[in-house]
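Below are some points on the model you sent, kept to local features. Please read them alongside the coordinates.

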Amino acid sequence: MDTSSLINMYKREKGSSERANFENLYESAASFCNPSSDNIQSKRAKGQRDDVERITDVGIKARRMFTAGMMSHLFPQGQNWIRVVPQNRDLMNDDNVTRALSSVTKKFIRAIEDSNFYEEMGQCIDHCGYIGTTALYCEPTNRRLLNFRAHYINQFFFCENYLGEVDTVIREFKLTARQAVQQFGSDCPESISDYAKDPGTSTKEFTFIHIVMPRQNFVPDSIEKKEKPIASYYISLTGKELVLESGFDEMPYSVARFYKTNYEKYGRSPALEVFSTLPLVNRMEVSRIRGAERVSNPPWLAPNDGSVRRISNDQGSIIYWNAGNPLSKPEQLRPMDNVVVNDQMIEKKEQEILDAFYVPLFNPLHNKKNMTAFESSERLNLSLQFLTPAVNRINKYFVTPILERAFGIMLRNGLFPELEIAQLSEQSLEFDLVGKASIASRQIELFGTMTAMQQMMQIAQFKPEILDNVNADKTARFIQEVNMVPVDLQLSEDEVEATRGERQEMAMAQMQAQQMQAQSDAYVKMQKAPEEGSGAEAMLEQTGE
């Protein structure tokens, strides 16, 4: 595409009415959930008065707990929350495949932990809490094999394909003349590089855009960056000229939309679900504080005759009045505010906000007393199951694409020689995300499986043949997989068959020994002569033996 067409696409997306409407929404939510440094004590969002003071902090609390809860359930540090598996799961029955993919998974997890993944992903999850739309970029650098960068919503725009999938990302950013030369080198335009030569003008800022989109005429398996499937264009808006054209093997940006509603391109957030409740709680907090002040410092009623001096509620204060005129005695009014009722109303509305941010699901045992171990376990399992829809959306449309990008970078650098085995040749790999909340969906399957087994065992008491419908070995492996039993503790199918063969041989040897012992005893008994006059002697005589 030519430069002018790319710039027009950027202007169209930035100036669209849909983008303007979304900015009004997320800026209003941000004023309660993540206010800027100059907007902490007041709300200056679009569509609201500038003099409104922000009293409540429940939005900030809910956002932080949402981020902490999602990160701990999706990416528990110190645990293997991801596994590399083949799309053809039958290959996992091969011991060589299992060992190779286990080694690859450990290397990949180590690379993720050595990078800045958790910091940048934490920013993205935080954006999902109150904005609903975020983006994460993955690239290799000289310092890190994998480097991630989270981008705020005001820095990027995007387009969808006919399937509603994000296939084009436009990022707007600024660089000083010195930074532009550092990033683009000899490709930096002379109009910018000239400023970098003078220390006095090297800090002058210039606006750039980075557009990443599918390349129509790409060459498969080409090593030329300009022929890669994903096109990359760096454009200087100052000079309206193309700075650098490149390409990627996979999409380097991953865009997350927490709630995707009908006919809306931008995603909504939990904060936008309770958008009307946030300012309502703020007004209720103001009323509660005013009511509490009236109770602790009620107003005074005094005659307007100048006989009263210095009315005060301070401790030890003295109020002077004209005792000769009883009508001039001041009195304190009794306020009718019920602070307790106000507190209960505010607590109810704050709980609605926390529910929207999934906070009770992250800590299902909070304020729960006198519960049995079974009740506690059931509550924990249910909370994970209720989190499953939200977790699956993030994993499928946001986490998995950026992991595929990171895995592709490592694969092209030759860091996975374990995959060069015959069983995995021309086989596609995928990620099995096994964080706490991700496992919850598999736990549902396991719960249904165990329930069915219990019911079948009851029927098997009078019809044992029903158990012929169950593959016991596959059931055992499914239970091991769902409960994350380490690979080193699992025996391969060949080892299981060998163990069973040894057990069968031992059983047959024992049976043969018992048969030989019985035959030996019978032979010894047959060698003895019968007693004289016994029935056995008569039988021998009749048979002629």
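1. E497 sits in helix 15, residues 493-527. Helices here are DSSP runs of H or I with at least four residues, strands are E runs of at least two, and both are numbered from the N terminus. Together with E493, D494 and E495, E497 forms a negative surface patch. Patch members have over 30% relative accessible area and no salt bridge, with like charges joined within 9 Å; a salt bridge is a side-chain nitrogen of Lys or Arg within 4 Å of a carboxyl oxygen of Asp or Glu.

2. This is a predicted model: local features need pLDDT of at least 70, side-chain atom pairs count only at pLDDT 80 or more, and totals for chains, interfaces and linings use all residues. Residues are numbered from 1 along each chain as its sequence is written, and side-chain values use heavy atoms, without hydrogens and water.

3. H73 belongs to helix 3, residues 58-74. Its relative accessible area is 9%, so H73 is buried (buried is under 20%, exposed over 50%, partly exposed in between, with a 1.4 Å probe and protein chains only). The side chains of H73 and S72 make a polar contact of 3.3 Å, that is, a pair of N or O atoms within 3.5 Å, one able to donate a hydrogen and the other to accept it, where residues adjacent in sequence count only if both atoms are side-chain atoms.

4. S28, in helix 2 (residues 17-33), is buried because its relative accessible area is 4%. Its side chain reaches the backbone oxygen of N24 at 2.9 Å.

5. W300 lies in strand 10, residues 300-301, and is partly exposed at 29% relative accessibility. Its C-alpha atom is 6.9 Å from that of P330, 30 residues away along the chain.

Definitions and conventions. Patches are made of residues with over 30% relative accessible area and no salt bridge: like charges are joined within 9 Å, nonpolar side chains (Val, Leu, Ile, Met, Phe, Trp, Tyr) within 5 Å. Accessible areas come from the Shrake-Rupley method with a 1.4 Å probe; for residues, only the protein chains shown count as cover. Lys and Arg count as positive and Asp and Glu as negative; His and the chain ends are not counted. The place of a charge is taken as NZ of Lys, CZ of Arg, CG of Asp or CD of Glu.
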